Amino acid sequence: MSSSYVEIKSHIQLLIGNGRLAANHKLPAERELAEQLQVTRITLRDGLNRLEGEGLVYRQNRRGWFVAPNRFVMNPTQKVNFNSMARQQGFRATTKVLGVRKLTVRHDIYSAFNATKSTRYFEIRRVRYLDQRPVMVEESYLSSECFPELSDFDLSGSITEILQDNYRVNITHERCNIQVANLELQYAEPLGIHAGAPGLRILRLRYDSAEYLIDYNIEYWLPHAIEMEVATG
């Protein structure tokens, strides 16, 4: 481990430890940090990239570097409610709707529903935030026949609660697939990172008690914003 990296890490930790910088606060500009530490900007950026991998800082395009908050902890073996889990972990969760449209879908989606190619679905694209930081882009696919007028509701809230309160549908369990993926522009841009940057792709198949697929849900996460925790025994 290089001495420059140790100095960069110690300096950032000192800024955080003495209270000058809190979670999601912006670090000084790269030029200023490089001058303070007497290193080149290339060396500084390499050190900051390594610190991002450790979850100490994060970068947003055209905005700079920020102090990373605690990671969102998820147990992939349990049914997930983003808003309630965020509250339990001390985050303020918000959601921005990017778009809603009714369409036919690709083979992997309609086959998961055991439907035909001509079946139409609502596609709901949203960005999920923790303490105003965008951490995840979500795509949800739900049957427009089963849930007519779904697009008329406020979809910046909980879709799970909308289904419960207005359609008497309860999601009881999920099947989950997690993969590392390079994020395409449509997912990277809302998260403030470059297209092709690594991220986490989580596919959730969300079912009711009768094993009927309700929501085909795909999440694209900033990789350093989340961690998985599984209890065994």
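Helices (H or I, at least four residues) and strands (E, at least two) are DSSP runs, numbered here from the N terminus. The model is predicted, and local features need pLDDT of at least 70, side-chain atom pairs count only at pLDDT 80 or more, and totals for chains, interfaces and linings use all residues. Residues are numbered from 1 along each chain as its sequence is written, and side-chain values use heavy atoms, with hydrogens and water left out.

Six strands form an open sheet in the order 4-5-6-9-8-7, with antiparallel pairing (two strands pair if DSSP finds at least two bridges between them). Strand 4 (93–104) and strand 7 (173–182) are at the edges with a single partner strand each, so one side of each has no neighbour in the sheet. From one strand to the next, the twist averages 15° (axes are lines fitted to C-alpha atoms, for helices over the stretch in contact, and angles run from 0 to 180 degrees between N-to-C directions). Strand 7 pairs with strand 8 (residues 198–207) in the antiparallel sense over 10 bridges, and P198 in strand 8 is the bridge partner of N182. Helix 6 (residues 159–167) packs on the sheet, where it touches strand 5 (120–130), strand 6 (133–143), strand 8 and strand 9 (213–221); contact means heavy atoms within 4.5 Å. The direction of helix 6 makes about 35° with that of strand 6.

Helix 2 (residues 30–37) packs against helix 3 (residues 41–53) at an angle of about 105°, with the axes 9 Å apart. The two helices are therefore roughly perpendicular (angles under 35 degrees count as roughly parallel, over 145 as roughly antiparallel, 65 to 115 as roughly perpendicular and the rest as oblique). In this contact, E30, R31, L33, A34 and L37 of helix 2 meet R41, L44, R45 and L48 of helix 3.

Strand 1 (57–60) and strand 2 (residues 64–67) pair in the antiparallel sense over four bridges, with V57 opposite V67. The two strands form a hairpin with three residues between them, and R62 in the turn has a positive phi of about 65°.

The largest pocket is lined by 18 residues, of which E52, R59, I193, H194 and A197 lie nearest its centre (a pocket is an open set of points on a 1 Å grid over the protein atoms alone, where a 1.4 Å probe fits, with protein on both sides within 12 Å along at least five of seven lines; lining residues have an atom within 4 Å of a point). Helix 3 and strand 1 are the elements that give two or more residues to the lining, and strand 1 provides the largest share, four residues.
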